[in-house]
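Hi everyone, thanks for making the time. Please have the sequence and the model open, and I'll walk you through a few places I'd like you to look at.

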Amino acid sequence: MRCLLRLILLALLLPVQAYAADINVATSTYCPLACELVNAPHDGIMHEVLRRTFEGTKYRLIFHEMPYVRAIRDTLDGQYDAITYAGAVHAEDFVFVRNLDMINVVQFATRADSSWRYRGVKSLDGIRFSIPKGFRTGNPEMDDYLNRYERDPSRIRMNSCDNPTMAQRSNLECMLNDRVDAMLVGSLAFRYITQREGVADRVRVDPEPVAMFYNRIAFSPRCPIGKELRDMVERKIREMRASGELKKIFDYYRISP
């Protein structure tokens, strides 16, 4: 009993971190931007930047893993305060972090021995390609094609995996096994995945871009302090860039800032 009382007293004397508010962050695995949370502290560029911004502050980050389409929708609706990455192609209403632009070029990838080349949507006749479910590029002509044919399995194979990384890995396996002719990819994650999987020499990324957009950390337009939190992240990024800390993060993921 005496020992128990001592333990209780010791617990009461230990400092307790008090938080003014929780920041609920929607995330969906898309390495190297947002890798699996179990890999922390090296669980993706955006996760690392957010953690370093808010550590030691009055705010506590709580990450919520979910499918990407839901992450976009629920953050816009205000169910979550922030999302780890989003592009203006998905919604212009977000409060975007403006000084960490991860350029994502949307391109077609094929097997290395393929003779097919992308030359606009007319060149898609006669091939079957794969996309993650709900994927859109921001290119009106391409998105019209996806809207028209995404439910036609003779033209498009839709992958309904929970997150973009799983979808790209599944689509890559299908392509390498000759079940589709090509896949529509975000170049940032595709390069990362093929290097990690050791298959970069078995694929070819068509140099003709379909679209290009920026992936940015973003706060919900319904978050009352969204702009204040955005400004905190931007200040931290400036500090990390000046100190070289940001470059070390990019180097770890083999990404050029």
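A quick word on names: helices are DSSP runs of H or I with at least four residues, strands are runs of E with at least two, and both are numbered from the N terminus.

Now the housekeeping. This is a predicted model, where local features need pLDDT of at least 70 and side-chain atom pairs count only at pLDDT 80 or more, while totals for chains, interfaces and linings use all residues. Residues are numbered from 1 along each chain as its sequence is written, and side-chain values use heavy atoms, with hydrogens and water left out.

For the overall picture, the protein chain has 8 helices and 10 strands. Its C-alpha atoms fill a box of roughly 80 × 40 × 35 Å along the principal axes. Of the 257 residues, 51% count as buried; buried means under 20% relative accessible area, exposed means over 50%, and partly exposed is in between, with a 1.4 Å probe and protein chains only.

Back to α6, then. Which of its residues are buried? They are S187, L188, A189, F190, Y192, I193 and T194. The elements covering them include β5 (102–111), α5, β8 (182–186) and β9 (203–205).

Let's take α5 from that list. Helix α5 spans residues 164–176 and helix α6 spans residues 187–197; they pack at an angle of about 60 degrees, with axes 11 Å apart. Axes here are lines fitted to C-alpha atoms, for helices over the stretch in contact, and angles run from 0 to 180 degrees between N-to-C directions. The two helices are therefore oblique to each other: under 35 degrees counts as roughly parallel, over 145 as roughly antiparallel, 65 to 115 as roughly perpendicular, and the rest as oblique. On the α5 side the contact uses T165, Q168, R169 and L172, and on the α6 side A189, F190, I193, T194 and E197. Contact means heavy atoms within 4.5 Å. By class, that contact has 4 nonpolar, 3 polar and 2 charged residues. In this scheme Ala, Val, Leu, Ile, Met, Phe, Trp, Tyr, Cys and Pro are nonpolar, Asp, Glu, Lys and Arg are charged, and the others, Gly among them, are polar.

At 9% relative accessibility, Y192 counts as buried. Leaving out residues up to four places away in sequence, Y192 touches C31, P32, C35 and Y253. Y192 and R254 are 62 residues apart in sequence, yet 8.1 Å apart in space, C-alpha to C-alpha.

The peptide bond from C31 to P32 is cis, with omega near 10 degrees, and P32 sits in the loop between β1 (21–27) and α2. P41 is also placed in the loop between β1 and α2, and the bond from A40 to P41 is cis, with omega near 15 degrees. R254, in the segment after α8 (245–252), has a positive phi of about 60 degrees although it is not a glycine. R254 is exposed, at 64% relative accessible area. For context, most residues other than glycine have a negative phi, and most peptide bonds are trans.

The axes of α2 (residues 45–54) and α7 (residues 226–243) come within 9 Å and cross at roughly 100 degrees, which makes α2 roughly perpendicular to α7. From α2 the contact uses V49, L50, R52, T53 and F54; from α7 it uses L229, M232, V233, K236, I237 and M240. That contact has 8 nonpolar, 1 polar and 2 charged residues.

Beyond its neighbours within four places in sequence, I217 contacts residues including M46, V49, L50, L100 and V233.
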